[in-house]
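User: I'd like to learn how to read a structure like this one. Could you walk me through it, feature by feature?

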Amino acid sequence: MNTAELLVKCLENEGVRFVFGIPGEENLEIIKALHHSKIRFITTRHEQGAAFMADVYGRLTGKAGVCLSTLGPGATNLVTGVADANSDGAPLIAITGQVGTERMHLTSHQYLDLVDMFEPITKRSKQIVRPDTTNEIVRIAFKYAESEKPGASYIDLPCDVAAMEVPEGPGRLMLTHHRAAVELPDLDSVRQAVSMIEEAQHPVVLAGHSAVRNNASQALREFAKQLSLPVITTMMAKGVIPDSEKNCIGTIGIPETDYPDTALSQADLVIAVGYDIVEFAPRKWNASSNHRIVHIDERVAHINKLYQPEVEVVGDISACLSRIAEKCRPCQTPDWAYRIRQERTSDAEQYADDFSYPVKPQKVISDIRSVLSDEDILLCDVGAHKMWIARNYPCEQPKTCIISNGFATMGIAVPGAVAAKLIYPDKKVLAVTGDGGFLMNCQELETAVRIGTGFVTLIFHDDSYGLIKWKQENRYHESYDVDFGNPDFVKLAESFGCKGYRISRTQDLLPVLADAFRQRVPSIIDCPVDYRENLKLSGQLQALAASSR
């Protein structure tokens with residue numbers, strides 16, 4: 001057994017089902033070992049696509065997704081997806097080939113110090129230099145990647161080491177997994193939190209991605225219901241409390257003062273549950289440092305001058321919430337927050353029968369929601385459409401609306417949908433993207449066709465980088481350097497072997513979505529959108545902000 005074969009056996013021991021990547025000269029031994037294993041290798045069309053697939057796999061399953069590339073340019077192409085996973089809290093293992101150890105001291109073809117390169121964007125970055133250390137390096141990489149806060153680990157395997165025989169002995173053993181014990185909160189911190197909640201007049205929960213990762217949705221629902229607490233979620237925590245429940249005030253994070261922002265501004269206590277400052281910076285909701293804060297999470301709070309909790313309840317989030325709820329009296333019914341919720345809901349619902357063309361983004365989202373069930377999965381790319389999805393798309397379950405809002409990376413939706421469909425072949429999977437983000441990784445449609453993952457891609461078509469255009473027009477009352485041309489998306493879809501649709505009447509969108517999900521091959525819907533709604537929304541929300549001061 002050589003080192004590459006041992007590495008693959010270690011991946012099997014970790015429960016790896018898929019490895020996403022591209023073969024190369026320096027990872028030939030790994031590719032051969034994977035071919036003879038029970039792991040399915042998914043050959044992608046770009047290493048960034050492979051990294052995004054591993055990223056979304058990790059986010060949906062909680063188990064590390066694995067991506068593989070060769071050295072040099074193959075490895076550098078992984079960087080954006082690896083950084084996204086590390087920032088967004090998705091467990092991921094990146095593995096690359098490398099030149100032989102006999103060349104590392106020289107200026108050498110395609111050689112980079114990849115361990116140093118990946119170190120700032122991973123939790124752990126190591127090179128295998130001895131065959132008998134492979135099992136330890138792999139096990140530690142997974143332990144780091146999957147432990148709270150999850151993120152990326154990197155393994156570098158020189159091609160000469162990959163081919164070396166692994167000596168008999170402990171170096172060939174598969175290492176055991178140690179299950180971390182559930183950490184219960186300190187009782188003093190629970191009592192302090194109870195006291196602060198009972199003293200507050202307008203307490204509000206701000207729920208973040210850690211509450212999703214740590215499966216605290218049910219506990220949070222019961223906590224909010226029992227104590228009559230309004231809940232605001234970050235983009236990455238959508239669905240952690242069902243949108244249909246009256247305690248759900250909405251999702252925060254668009255670059256305007258929206259309805260949830262007004263609720264947060266009226267709060268005299270913020271109960272941050274699984275909140276990560278990378279998702280939504282404290283300066284955006286606590287710039288004056290006037291909020292009292294209770295921090296509830298698996299880890300202690302981040303260091304930030306505008307995020308200074310008076311008490312930190314650290315431990316299993318569900319246990320923390322249950323302990324507090326057991327000892328806390330219910331708060332006054334938050335009618336003030338329910339009024340804000342009703343205004344937000346009424347605002348979104350008024351577009352259900354708006355058939356003006358091009359299609360308003362609110363109408364697109366309304367029709368999407370009509371087609372997708374509560375269990376289906378929406379993968380949202382980054383752009384102006386992300387703001388509308390975050391704001392208007394109602395979620396009933398966690399992990400059904402995947403948004404990158406830590407690293408916030410364009411191009412994630414299409415490869416992410418490939419991974420989602422591999423995990424959940426019986427669910428509808430919809431990739432929602434702008435025309436800018438779509439062309440960044442549309443090559444993975446070939447991957448999707450080849451491996452039989454029949455998801456739908458809906459393109460918000462506006463011939464520009466819409467989010468930047470929105471920001472420019474808000475700031476300068478004009479835009480520049482953001483417009484571009486596009487291919488014929490229907491012909492592009494057909495050239496990949498996909499089904500292509502173009503929306504020429506708003507009335508057609510709903511039946512086209514339904515038909516697209518009936519196809520056996522991936523489908524692409526080209527939907528022109530009326531982004532004049534962006535500036536209208538800005539004006540509406542600026543007026544809202546002024547009236548709430």
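Analyst: Happy to. Let's begin with contact, which means heavy atoms within 4.5 Å. Keep in mind that this is a predicted model. Now take Asn135 as a practice residue: leaving out residues up to four places away in sequence, Asn135 touches Leu6, Cys10, Pro170, Gly171, Arg172, Leu173 and Leu175.

User: Where does Asn135 sit, and is Asn135 buried or exposed?

Analyst: You'll find Asn135 in helix α6. Its relative accessibility is 4%, so Asn135 counts as buried.

User: Next, aromatic rings. How many aromatic pairs are there?

Analyst: The structure holds 11 aromatic pairs. To sort a pair, look at the angle between the ring planes: over 60 degrees counts as edge-to-face.

User: Which pair could I try next?

Analyst: Go for Phe438 and Phe489. Their ring centres are 5.6 Å apart and their planes at 85 degrees, so you'd call this pair edge-to-face. Phe438 belongs to helix α17 (residues 435-441) and Phe489 to helix α20 (residues 489-495), so the pair ties together parts that are 51 residues apart in sequence. Both of these Phe residues are buried. Rings can also join up into a group: Phe18, Phe20 and Tyr57 are linked by ring pairs into a cluster.

User: What about a charged side chain lying over the face of a ring? Which residues should I look at?

Analyst: Look at Arg124, which lies over the face of Tyr144, 5.3 Å from the ring centre. Then look at Lys427, lying over the face of Tyr424 at 4.1 Å from the ring centre.

User: Let's move on to helices. What describes two packed helices?

Analyst: You need the angle between their axes and the distance between those axes. Take helix α14 (residues 361-371) and helix α21 (residues 509-516): their axes come within 9 Å and cross at roughly 40 degrees. These two helices, α14 and α21, are therefore oblique to each other. Their crossing is right-handed. On the α14 side, the contact is made by Val364, Asp367, Ile368, Ser370 and Val371. On the α21 side, Leu509, Leu510, Leu513 and Ala514 take part.

User: And how are α11 and α13 arranged?

Analyst: Helix α11 (residues 259-266) packs against helix α13 (residues 335-349) at an angle of about 170 degrees, with the axes 9 Å apart. That angle makes α11 roughly antiparallel to α13. As for who meets whom, α11 brings Tyr259, Thr262, Ala263 and Gln266. Their partners in α13 are Trp336, Ile340, Glu343, Arg344 and Asp347.

User: Which residues other than glycine have a positive phi?

Analyst: Ser289 is one of them, with phi at about 55 degrees. Ser289 lies in the loop between β10 and β11 and is partly exposed, with a relative accessible area of 40%. Lys399 is another case, with phi near 65 degrees. Its place is the loop between α15 (384-392) and β14 (401-403). Lys399 is partly exposed as well, with a relative accessible area of 23%.

How values were computed:
Residues are numbered from 1 along each chain as its sequence is written. This is a predicted model: local features need pLDDT of at least 70, side-chain atom pairs count only at pLDDT 80 or more; totals for chains, interfaces and linings use all residues. Side-chain values use heavy atoms; hydrogens and water are left out. Rings of Phe, Tyr and Trp (its six-membered ring) pair if their centres lie within 6.5 Å; planes under 30 degrees apart count as stacked, over 60 as edge-to-face and the rest as tilted. Helices (H or I, at least four residues) and strands (E, at least two) are DSSP runs, numbered from the N terminus. Buried means under 20% relative accessible area, exposed over 50%, partly exposed in between (1.4 Å probe, protein chains only). A charge sits over a ring if NZ of Lys or CZ of Arg is within 6 Å of the ring centre and within 35 degrees of the ring normal. Axes are lines fitted to C-alpha atoms, for helices over the stretch in contact, and angles run from 0 to 180 degrees between N-to-C directions. Angles under 35 degrees count as roughly parallel, over 145 as roughly antiparallel, 65 to 115 as roughly perpendicular and the rest as oblique. A crossing is left-handed if the near helix is turned anticlockwise from the far one by less than a right angle, and right-handed if clockwise.
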